[in-house]
Amino acid sequence: MKYLSLAFSALLLGGCAFGVVDHSRDHGNAETLAACFVTLKPAFLYEARCADLDAGGFGDSTFCTGIQGFDPAPYQVDHHTYHYDYPKSWEAYLEARRAWDETLFKPLLFEKQRSMIAPVDVGTTLSMTGIYEYPRGETGRVLIVKAVLTSGEFQGTEVELPSRGGFSDAGPVWVPQRTYRPAEGIELSSEFLAPCERQPEMGGGQ
């Protein structure tokens with residue numbers, strides 16, 4: 001019976017990802033973690049569900065601070081185009097705060113209603129603090145990227161960038177790739193983020 005249980009466990013684990021893999025110190029990621037990035041459109045901080053990096057085994061979600069952009073452009077998931085409805089600004093959100101919260105942040109059973117926290121200005125800088133492969137059961141491991149705001153009113157706030165396989169709520173991703181690909185680096189959405197050195201070029205054309 002003991003050997004049968006061990007064999008069953010091995011079979012189960014063979015089809016599922018197990019454990020968090022931290023790639024933050026991988027040689028190929030040093031440049032990404034040292035780089036500065038800047039936000040390209042108005043965004044907001046909100047009460048999010050993110051990957052619990054302290055969870056073992058198959059992983060779990062935990063509450064954290066998320067970041068997302070107002071009024072995102074249409075985006076694609078698996079070749080299907082989505083026009084997700086977000087408020088166009090912080091002011092528009094405040095005009096119907098309760099309705100937006102109930103639309104955007106569907107609570108799980110016994111979970112409190114989550115909400116937006118504050119607006120994030122265009123030109124806010126951030127840097128990556130962690131790159132992880134996170135277990136999502138039968139779907140395997142997915143890419144999770146953590147970052148910290150390095151300017152503005154909320155400087156020092158850590159966020160999880162919305163990724164294709166993460167726990168963040170519906171909406172466009174800031175990290176388009178679903179899986180970790182060490183030879184290709186980390187891909188970031190050009191709608192929301194750019195390297196800091198591009199910021200003067202963006203402002204110069206206005």
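**Group meeting: a walk through the predicted model**

Let me start with R136, which counts as partly exposed because its relative accessibility is 29%; partly exposed sits between buried, under 20% relative accessible area, and exposed, over 50%, with a 1.4 Å probe and protein chains only. R136 sits in the loop between β8 (125-135) and β9. Its C-alpha is 8.4 Å from that of D60, although the two are 76 residues apart in sequence.

Quick housekeeping. This is a predicted model, where local features need pLDDT of at least 70 and side-chain atom pairs count only at pLDDT 80 or more, while totals for chains, interfaces and linings use all residues. Residues are numbered from 1 along each chain as its sequence is written, and side-chain values use heavy atoms, with hydrogens and water left out.

Now the whole chain. We have 5 helices and 11 strands; these are DSSP runs numbered from the N terminus, helices being H or I with at least four residues and strands E with at least two. Of the 206 residues, 43% count as buried. If you take contacts (heavy atoms within 4.5 Å) between residues at least 6 apart in sequence, 60% of them join residues at least 24 apart.

On to Q177, in the loop between β10 and β11. Is Q177 buried or exposed? Buried, because its relative accessible area is 2%. Leaving aside residues up to four places away in sequence, Q177 touches L143, R164, G185, I186 and E187. With one of those, G185, there is more detail: the Q177 side chain reaches the backbone oxygen of G185 at 3.4 Å.

T157 is in a loop too, the one between β9 (141-149) and β10 (158-160). A polar atom of the T157 side chain lies 2.8 Å from the backbone oxygen of F154. Outside four places either way in sequence, T157 touches L45, T65, A147, V148 and L149.

Last stop, the largest pocket, with a volume of about 210 Å³. Of the 11 residues lining that pocket, A35, F37, I186, L188 and P195 are the closest to its centre. Which strand gives the most to the lining of the largest pocket? That's β11, with 3 residues. Both α2 (30-34) and β11 (193-195) supply at least two lining residues each.

That's the tour, so over to you with the structure.

Note on methods:
A polar contact is a pair of N or O atoms within 3.5 Å; within protein, one must be able to donate a hydrogen and the other to accept it, and residues adjacent in sequence count only if both atoms are side-chain atoms. On a 1 Å grid over the protein atoms alone, a cavity is a set of points where a 1.4 Å probe fits but cannot get out, and a pocket is an open set with protein on both sides within 12 Å along at least five of seven lines; lining residues have an atom within 4 Å of a point. Grid points are joined across faces, edges and corners, and a volume is the space filled by probe spheres set on the points.
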